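Have the sequence and the 3D view open while you read.

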Amino acid sequence: MVRHLPSRAFLITIPTRMFEPYAWTRIAWRLLLYLRYRLGWGKCPTLLDVYPEAVVVFDRVMGWPTRLFLKGTENCPKAGPAVFAGNHQKKDDPFITYRAIHRVCNWSYEVRYMMRDDFFKGLPNLRIVDINELVCLLGAQQISRDNVHLSQLKPFVQLLRDGNAYIMYPGRSRSRSGLFMEYREGIDEPGGVTFFMAQAQRGHPDLRVAAVPVARTYNPVADRTMIVFGEPLYLPQGADRAAQRDLDFLIVERMGELLEVNIPLVTAGILYLHCLHDHPLPFAQESLARAVRGVLEDCAARRYVDEHGMADLPRELKRTLEYFEKREMLALKGTSIWPNREAILSAPEPDKLYVTKNPVKHLVNQIIHLRDVVASIESAAESLAKPHA
């Protein structure tokens with residue numbers, strides 16, 4: 001039986017303009033109860049029965065109304081069960097994807113997110129807050145990366161059987177180099193989305209679990225996130241392990257096609273290739289603007305492209321160049337661009353500082369699997385290098 005959100009029926013009677021103040025009041029009270037509990041003066045409160053209110057408060061705190069954009073919303077199920085499989089680039093991926101889903105489904109089903117149980121390892125254990133405990137109160141279902149217990153798997157299967165959903169990351173770990181999916185530390189293939197689908201559907205012939213590919217593209221210059229939902233995929237009843245793995249790989253393939261091509265990504269690609277092929281320096285900002293626009297227009301026929309950036313390309317490109325200049329990837333002298341060839345071609349260790357050490361490569365790595373986009377950027381870089389450019 002589907003477990004409905006406890007406060008949903010009541011919430012629809014609240015005027016829209018009053019809902020946010022109402023949400024803040026309820027969440028503030030629950031957090032006070034949580035503080036009281038941590039000080040040893042009461043029971044641990046739940047936040048799951050104020051689920052819609054928590055989503056709205058998070059929305060405002062994180063500034064998502066002006067920074068989060070969605071595409072492919074027709075592919076996001078309006079009812080569960082569903083597994084949302086996404087790429088993992090930033091620490092807040094679960095939370096922002098969580099919000100994106102609720103913008104579309106309007107809280108019609110519960111959404112949880114899979115999180116490894118050692119994610120906060122090393123952080124101090126404070127008396128007033130236990131981070132692991134708090135994220136579980138906010139919807140996390142924790143799981144061990146290397147020593148998974150059956151008791152950790154069952155809640156995900158039950159979520160699906162109850163008509164709800166959760167978010168997981170088949171890459172299992174956050175990408176440090178920017179690659180869409182980065183395998184390391186003994187990880188050499190995607191996690192099994194279909195394992196949970198098969199287990200949920202076993203013995204329930206009428207249950208169809210949707211696997212929804214999701215991709216987040218983060219624009220670090222504009223501090224803007226685009227989340228794109230792909231068309232749901234389904235596992236046939238009784239599918240064997242070979243069929244399950246085929247679908248697991250297809251899910252990842254579909255995820256990779258959902259990235260949005262934006263100005264920082266294209267600019268980084270052109271800068272990298274210009275340096276890699278040792279083309280003459282400097283080149284004009286106006287020439288680069290034409291090259292970037294050409295790539296975006298070329299990709300628009302078959303890819304998701306950032307319309308916000310295209311609508312004001314000169315300003316967005318200027319901000320992008322200033323972003324790279326601040327990080328010593330190039331120098332701007334009048335209307336000329338002087339790329340820092342040594343910095344752009346550097347190959348830092350793929351650790352947590354990669355994005356700081358080489359932000360150009362970090363962006364290039366995000367689209368390197370998109371052959372048509374790379375081909376378009378290569379053509380633009382060659383054109384930029386010609387004398388008439």
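Predicted model: local features only at pLDDT ≥ 70, side-chain atom pairs only at ≥ 80, totals over all residues.

Three strands make up an open sheet in the order β10-β13-β12, and their pairing is antiparallel. Strands β10 (283–284) and β12 (330–333) are at the edges with a single partner strand each, so one side of each has no neighbour in the sheet. Between β12 and β13 (residues 336–339), the antiparallel pairing runs over four bridges. If you look along β13, you'll find isoleucine 337 there, with leucine 332 standing opposite.

Now for the rings. A pair of aromatic rings is described by how far apart the centres are and by the angle of the planes. There are 12 aromatic pairs in the structure, and here are two of them:

| Pair | Type | Centre to centre | Angle between planes |
|---|---|---|---|
| Phenylalanine 19 and tyrosine 22 | tilted | 6.1 Å | 40° |
| Tyrosine 323 and phenylalanine 324 | edge-to-face | 5.5 Å | 65° |

Phenylalanine 19 and tyrosine 22 share helix α2 (residues 16–38), where they are three residues apart, about one turn of the helix. Phenylalanine 19 has a relative accessible area of 11%, so it counts as buried, which means under 20%. Tyrosine 323 and phenylalanine 324 are both buried too. Elsewhere, Phe58, Phe95, Tyr98 and Tyr113 come together as one aromatic cluster.

Finally, the charges. Lysine 90 has its charged end over the ring of tyrosine 218, 4.4 Å from the ring's centre. Lysine 333 lies over the face of tryptophan 338, at 5.1 Å from the ring centre.

Note on methods
Residues numbered from 1 in each chain as written. Heavy atoms only, no water. Pairing = 2+ DSSP bridges. Helix = DSSP H or I, 4+ residues; strand = E, 2+ residues; numbered from the N terminus. Phe/Tyr/Trp six-rings, centres within 6.5 Å; stacked < 30°, edge-to-face > 60°. Buried < 20%, exposed > 50% of the residue type's maximum accessible area, 1.4 Å probe, protein only. Lys NZ or Arg CZ within 6 Å of the ring centre and 35° of its normal.
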